[in-house]
Amino acid sequence: MSNLGPSTDRPAFARDVPREVPAWLRGIYAGLCLYLFLAALNVLGAGLGAFGSDSDLLTRAFALGANPFIALMAGLLVTMVVQSSSFTSALIVTLVASGEMTLGTAVFAIMGANIGTP
């Protein structure tokens, strides 16, 4: 005969209380995550070094932006390469502030950065 009644091993409404992670372990985890974040930023900076002052590829791409369509495509291309519309927008703001790019060109480049965001 099968026992279809309630189990007598433990009460029906007993809850398993989740165990708390010790503070020192959370601190180690936070430190490890911070280290990995800074290491990733270092790798990103080293990778973008090829686009730096030696080649001026990004500056030339935006300097050709007298045509609004070219500025839009340059913003889209840079965003696709670096995978960050925030980086592209900050770059465009810096180029406008330094006088390398006009404000009218920057509008279309920012539009391209927003379109290029996956």
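Biologist: How many helices and strands are there in the protein chain, and what makes a stretch count as one or the other?

Modeller: The protein chain has 5 helices and 0 strands, where helices (H or I, at least four residues) and strands (E, at least two) are DSSP runs numbered from the N terminus. This is a predicted model, in which local features need pLDDT of at least 70, side-chain atom pairs count only at pLDDT 80 or more, and totals for chains, interfaces and linings use all residues. Residues are numbered from 1 along each chain as its sequence is written, and side-chain values use heavy atoms, with hydrogens and water left out.

Biologist: Why is α3 called oblique to α5?

Modeller: The axes of α3 (residues 68-82) and α5 (residues 103-115), which are lines fitted to C-alpha atoms over the stretch in contact, with angles running from 0 to 180 degrees between N-to-C directions, come within 7 Å and cross at roughly 40°. Angles under 35 degrees count as roughly parallel, over 145 as roughly antiparallel, 65 to 115 as roughly perpendicular and the rest as oblique, and therefore α3 is oblique to α5.

Biologist: What makes L91, I92, L95, M101, A106 and A109 a nonpolar core?

Modeller: These 6 residues form the largest nonpolar core, meaning a set of buried (under 20% relative accessible area, 1.4 Å probe, protein chains only) Ala, Val, Leu, Ile, Met, Phe, Trp, Tyr and Cys residues joined through side-chain atoms within 4.5 Å. Two or more residues come from each of α4 (85-98) and α5, and α4 gives the most, with 3 residues.

Biologist: How much of the protein chain counts as buried?

Modeller: Of its 118 residues, 19% count as buried.

Technical notes. Buried means under 20% relative accessible area, exposed over 50%, partly exposed in between (1.4 Å probe, protein chains only).
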